[in-house]
Amino acid sequence: MPDAASSPAKPDPILPGTPGPGAIEIRRFNFFYGAKQALFDITLSLLERQVTAFIGPSGCGKSTLLRSINRMNDLVDGIRHGGDITVGGRSIFDPTLEVISLRKRVGMVFQKSNPFPKSIYENVIYSLRVAGQNDRKVLDRVVEESLQAAALWEEVKDRLEESALGLSGGQQQRLCIARAIANSPEILLMDEPCSALDPIATAKIEELIEQLKQTFTIVIVTHNMQQASRVSDFTAFMYLGKLIEVDTTERIFTNPSIQQTEEYITGRFG
Amino acid sequence: MGLGIGLLMVTALLYVILSNGLSVFWPNRIAEITLAPGSAARIGDSDRLAGEVRMRRVKRVPGRSEEITRELQFFVGNRDAYGFGFRFVDASDVAATAYPAGLAMITRLEYGPAIGYLVSLAAGEDAPVPADDPRFQGELQRLTREFADRRREIERIEKAAIGPLSARKEQLRLAARSAAWDGKDPDPAAAAAIAAEIAKIEDNYATLAEQAGALRALQAKAKLTYRLPTGAERTMVLGGVVDVFAPNRMGFGERCVRFAGNIKGFLTESPREANTEGGVFPAIFGTFVMTLLMSVAVVPFGVVAAIYLREYARQGPVVRAVRIAVNNLAGVPSIVFGVFGLGFFVYFVGGTLDSLLFADRLPTPTFGTGGVLWAALTLALMTVPVVIVATEEAVAAVPRGAREGSLACGASKWQTIQRIVLPAAVPGIITGMILAMARGAGEVAPLMLVGVVKLAPTLPLDTVAPFLHFDRKFMHLGFHIYDLGFQSPDSEAAKPMVFATTLLLILLVICLNMGAILLRERLRRRYQTAAF
């Protein structure tokens, strides 16, 4: 794992001190799909080992912002960006930085669970396999650790060789979380991870997020206001591609400083 | 409505092919008819005529269209005696019909089957055993089996033993020739060694040829005498007899056994008599090897092209043009591919290969003439659009979530394609492959230019090194049909074979398609439960 603290990144003039490897800095970030601007001048610091929730109405750009952090938007044709995002103090747009090594440090969980049509075991260690790790001992250990961390181990430990597609929706999503953390990243991006799940499965995932934040910086996009208030330490409210307000979750939900935020949170629009 | 008509026509076509194709193998009864005096159908001055009824039809006499008579077509056999194999008889000329139990069908190596009454069997110098002797049947069966075994032995000597010797001799001859061509004074010791080996081979050859000759002489030792329905007696050597049976005496069970045996023979034997008799094994084998080679060539090429077009190429006017070109390629008449294959593969690539690697054999071409490799490559070129289109669709159908999941795990684009996209696209790729195979297996026109022949002396795959002979010409079921139906000296005699071969080719293509569908369904079930 390339450690950002020891990497030759320039010290950040804006932030005091050296940022930890899991900290994310978004500075004056603009983003375009072709001619259409999706994000406007976003500046935001995401702290290490804290859960930050992005909330806002559909189409406000929160997923775009999330997917910018591990450069998942590279897959889309005709995109442009301005400004910068740093992870652990290093710009993710640095031409000398390989996008693959970035994605190894920034795991991602998607809205729809997307296990591969392989065994549970192979799903978990996918990131290690593509990195060329074939030592059975290491793989076995990672599978157990990751599945335990994703609170799935007890349910699947006897059927690791079975297809992952036989799991329930909630189990599949937890498997995807196990897969995302198997490579021991510093950051975990979650794009509406519970939107396709029932309340019980959602509760399990939320509990899991609570535990995972001991180890990872978590960024979560959610439509669910209660969820944001339950799991996150910080909340950023976005609207029409602009960052309206960011503060501790407690303040955003009890005493937001901008009226728009309050209206959205109380359900008067959005 | 249109669909109904279409289905009806397809069903009718299949029925015609099925019934005609299968009836070839059924041992029909042989009728012996007595002709009315003055009938035009008389053979010589006999009023008897015996044969299988092959067709009944309405006959219209020109100029007297109101007068309708029926006529029967008999397969009378005995082409050596009569000079023809089929006879039309007006139904009104038939005075009496009988099915005598003694009438026998003698299938032979030459002149097609003979139909007649068995008279006697003479083995060696022994006195002939007459047909009414109780020993006759047993003796006939024993001898036919013995002679058939010996025929196979002769064939084995000539093909399996003498073949490799000739190949080795040819090699040595070429080595000697190229040594002489080099101009520098040839190594006398090497030349002597070559000469010695050639002499040894010729020795071996002479021994084997002698063996074969002796066996051949034995084949003429026994003689079978039979009487034609028209009266004359004929005698033939037993070596030329393949089988003797009396269809009128057979029960249903025996007929079924013979039916199955005929089908087996059709599938496993080599053709005889300008392909109108015997089996089609070399054609099945040639079709199989060619189709396999074609798939080996077309699948990697098509898949790589599709992945490049879909995953790597920058989507724009160029890629769009390439895609249109690929689709149009599928519509190019196949003969055009044949001409291209002849010009490019055979003359250009093959000619170059010959001048580089097989110069010592020139002017006899090795690869500079049609062969199974060039045929397979030509068909691969013709069917590559099918594979490209199928693969592209399959690759495009892989859900975005799966790709993103893989990329988010730190996999590179190629790793994602290799581990996620391709496995999920395999059912589609296989579909494309089988469609290509089905089309390639049924194609004839281009093959006629690049390597198919009426009768190939050797198979493209055998036990002589290097086992797979890319340069050999081969036989093909589709071409076999064309050849039998339209190039045969006796097209009437070949007609049953045309139906049987057509049936076989259709079955082959149906099997390939069914295989594709089953395989795809199985793979699809494996991959599609994914809740992407």
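This is a predicted model: local features need pLDDT of at least 70, side-chain atom pairs count only at pLDDT 80 or more; totals for chains, interfaces and linings use all residues.
Residues are numbered from 1 along each chain as its sequence is written, while chains are lettered from A and ligands numbered from 1 in the order in which they are written.

Back to β7(B): two bridges join β7(B) to β8 (residues 129-130) of chain B, and the strands run antiparallel. Strands here are DSSP runs of E with at least two residues, helices are runs of H or I with at least four, and both are numbered from the N terminus. Two strands count as paired if DSSP finds at least two bridges between them. The β7(B)–β8(B) hairpin has five residues between its strands, and B:G124 takes a positive phi near 55° there. β6(B) and β7(B) also form a hairpin with five residues between them, and B:Y111 in that turn has a positive phi of about 65°.

| Strands (chain B) | Bridges | Bridge pair |
|---|---|---|
| β1 (residues 31-35) and β2 (residues 48-60) | four | B:I33 and B:L49 |

The β1–β2 pair belongs to an open, antiparallel sheet of five strands in chain B, ordered β4-β3-β2-β1-β5. β4 (86-90) and β5 (94-98) of chain B stand at the edges with a single partner strand each, so one side of each has no neighbour in the sheet. On average, neighbouring strands of this sheet are turned by 40° against each other, direction ignored; the axes are lines fitted to C-alpha atoms.

What domains does chain B have? Chain B is split into domain 1 (2-99), domain 2 (136-264) and domain 3 (281-528), with bounds from an automatic or database domain assignment. The centres of domains 1 and 3 of chain B, taken over C-alpha atoms, are separated by 42 Å. Seven residues of domain 1 of chain B are in contact with nine residues of domain 3 of chain B, where contact puts C-beta atoms, placed from the backbone, within 7 Å. Helix α1 (residues 2-23) of chain B gives the largest share of the domain 1 side, four residues.

The largest nonpolar core has 149 residues, and those with the most contacts inside it are A:A178, A:L188, B:A376 and B:V387. Such a core is a set of buried Ala, Val, Leu, Ile, Met, Phe, Trp, Tyr and Cys residues joined through C-beta atoms within 7 Å. Helix α9 (residues 372-396) of chain B supplies the largest share of this core, 17 residues. A second, separate core of 27 residues includes B:F74 and B:Y226.

A:R71, in the loop between α1 (62-69) and β4 (79-87) of chain A, has a positive phi of about 55° although it is not a glycine. A:R71 is partly exposed, with 18 other C-beta atoms within 10 Å. A:E192 has a positive phi near 45° and counts as buried, with 20 C-beta neighbours inside 10 Å. The cut-offs are 20 or more for buried, 12 or fewer for exposed, and partly exposed in between, counting other C-beta atoms, placed from the backbone, within 10 Å.

Terms used:
Axes are lines fitted to C-alpha atoms, for helices over the stretch in contact, and angles run from 0 to 180 degrees between N-to-C directions. Two residues are in contact if their C-beta atoms, placed from the backbone, lie within 7 Å.
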